[in-house]
Amino acid sequence: METKGKKEKAKERQEKRLQEISLLRTIPYSDHQRWWSSETVAVVTGANRGIGFEISRQLAGHGLTVILTSRDTSVGLEAANVLQEGGFNVDVHQLDVLDPPSIKEFCDWIQEKYGFIDILVNNAGVNYNLGNDNSVEFSKQVITTNYYGTKNMVKAMIPLMRPSTAGSRIVNVSSRLGKVNGRRNRIEDSALKEQLGDLDTLSEELIDRTLSTFLQQVEDGNWKSGGWPERFTDYSMSKLAVNAYTRLMAKELSNRPEGRKIYINCFCPGWVKTAMTGWAGNISAENGADTGVWLALLPDLAISGKFFAERREISF
């Protein structure tokens, strides 16, 4: 009975917060806060469906030019056509975040057609576990797509980000499951956890090495004794890496001069009702996308290297 009561209270809090967000969404940004225009260019990866599609729709709805990208050309064209028919300013291009030639072709196209971009939303990702499943059969693909795909795009897009007083923005779609200090779903190795949580010891090499160790244990068949997160293990590890990389890049990008600032943050959309969750989520794509759009459009984005959920900063 006590557990049921706690769940009901948590559900009530969640519903109340979603109502607050829905109200905020109905209030348009005032003119003096709008740093963007129809010439502001936002790139959204994996945008042919789900959260990526909804982020594209909402950004375009705010008057930006949105480049919807999809690994499958025909599917991307179909998704973009839906938004274009709705009157939104949406362009489309094929992009495989794991394929260097595809990324280079995309960068060349951006440079030739637009010159610069202002916003990058790294949404492309995969998950092969549903319900209570916790298979690590596709761990390499999950980590390669969710983490290395995100890293590939950050590195490729930074040189194309437009200098401006408002600063360019990078938003990475992540998850609470990737929290280093999660209460239940966490890394058990206290020394490693401390290294990943401390900006003085955090490095790209440490993140990559941690993932390599996990994948090697998966290959050897002894990952269960490795002290890795217990739920959605491969997905959790991929998002832990995204969170850590977001903090690391924020530190690196903080040294850029005024007029060339790039702010990078990540957010958890929640358990969204999309194909990735087998349509079992309890949050709509509209609500799930909201925090990412909000982060991309914040008028005064002096924050960077942070993790958000439901428009609130939460600890890593």
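Student: Is D91 buried or exposed?

Tutor: D91 is buried, because its relative accessible area is 14%. Buried means under 20% relative accessible area, exposed means over 50%, and partly exposed is in between, using a 1.4 Å probe and protein chains only. Before going on: this is a predicted model, so local features need pLDDT of at least 70 and side-chain atom pairs count only at pLDDT 80 or more, while totals for chains, interfaces and linings use all residues. Residues are numbered from 1 along each chain as its sequence is written, and side-chain values use heavy atoms, with hydrogens and water left out.

Student: Ok. Which residue forms a salt bridge with D91?

Tutor: K113 does, and the closest N and O atoms are 2.7 Å apart. A salt bridge here is a side-chain nitrogen of Lys or Arg within 4 Å of a carboxyl oxygen of Asp or Glu. K113 belongs to helix α4 and D91 to strand β3, so the pair ties together parts that are 22 residues apart in sequence.

Student: What counts as a helix or a strand?

Tutor: Both are DSSP runs, numbered from the N terminus: helices are H or I with at least four residues, strands are E with at least two.

Student: How many salt bridges are there?

Tutor: The count comes to 10 salt bridges. One of them pairs K151 with D208, with the closest N and O atoms 3.0 Å apart. That pair links distant parts of the chain, with K151 in helix α5 (residues 139–157) and D208 in helix α7 (residues 204–220), 57 residues apart. K151 counts as buried because its relative accessibility is 5%.

Student: And R311, what does that pair with?

Tutor: R311 forms a salt bridge with D290, where the closest N and O atoms are 2.7 Å apart. R311 sits in the loop between β7 and β8, D290 in helix α9 (residues 285–297), and the two are 21 residues apart. Both R311 and D290 are buried. Salt bridges with shared partners also join K151, K155, E204 and D208 into one network.

Student: Changing topic. How many strands form the sheet, and in what order?

Tutor: The open sheet has 8 strands in the order β3-β2-β1-β4-β5-β6-β7-β8, with mixed pairing. Strands β3 (90–94) and β8 are at the edges with a single partner strand each, so one side of each has no neighbour in the sheet. From one strand to the next, the twist averages 25°. Two strands pair if DSSP finds at least two bridges between them, and angles run from 0 to 180 degrees between N-to-C directions, with axes being lines fitted to C-alpha atoms, for helices over the stretch in contact.

Student: How many bridges join β6 to β7?

Tutor: There are 3, and β6 (residues 262–268) and β7 run parallel. C266 is opposite F307 of β7.

Student: Which strands does helix α3 touch?

Tutor: Helix α3 (residues 73–85) packs on the sheet and touches β2 (65–70) and β3, contact meaning heavy atoms within 4.5 Å. The direction of α3 makes about 175° with that of β3. Helix α4 (residues 100–113) packs on the sheet as well, touching β1 (41–44), β2 and β3, and its direction makes about 145° with that of β3.

Student: What about β4, which way do its residues point?

Tutor: In β4 (residues 119–122), I119 and V121 point one way, L120 and N122 the other way, and all are buried. In a regular strand the side chains alternate between the two faces of the sheet.

Student: And which strands pair with β4?

Tutor: β1 pairs with β4 in the parallel sense over 3 bridges, and A42 has I119 as its bridge partner in β4. On to β5 (residues 168–173): 4 bridges join β4 to this strand, and the two run parallel. V121 has V171 of β5 as its bridge partner.

Student: Last one. Where does F232 lie?

Tutor: F232 lies in the loop between α7 and α8 (233–253). Its phi is near 45°, a positive value in a residue other than glycine. F232 is buried, because its relative accessible area is 4%. E310 is not a glycine either, and has a positive phi of about 50°. E310 is in the loop between β7 and β8.
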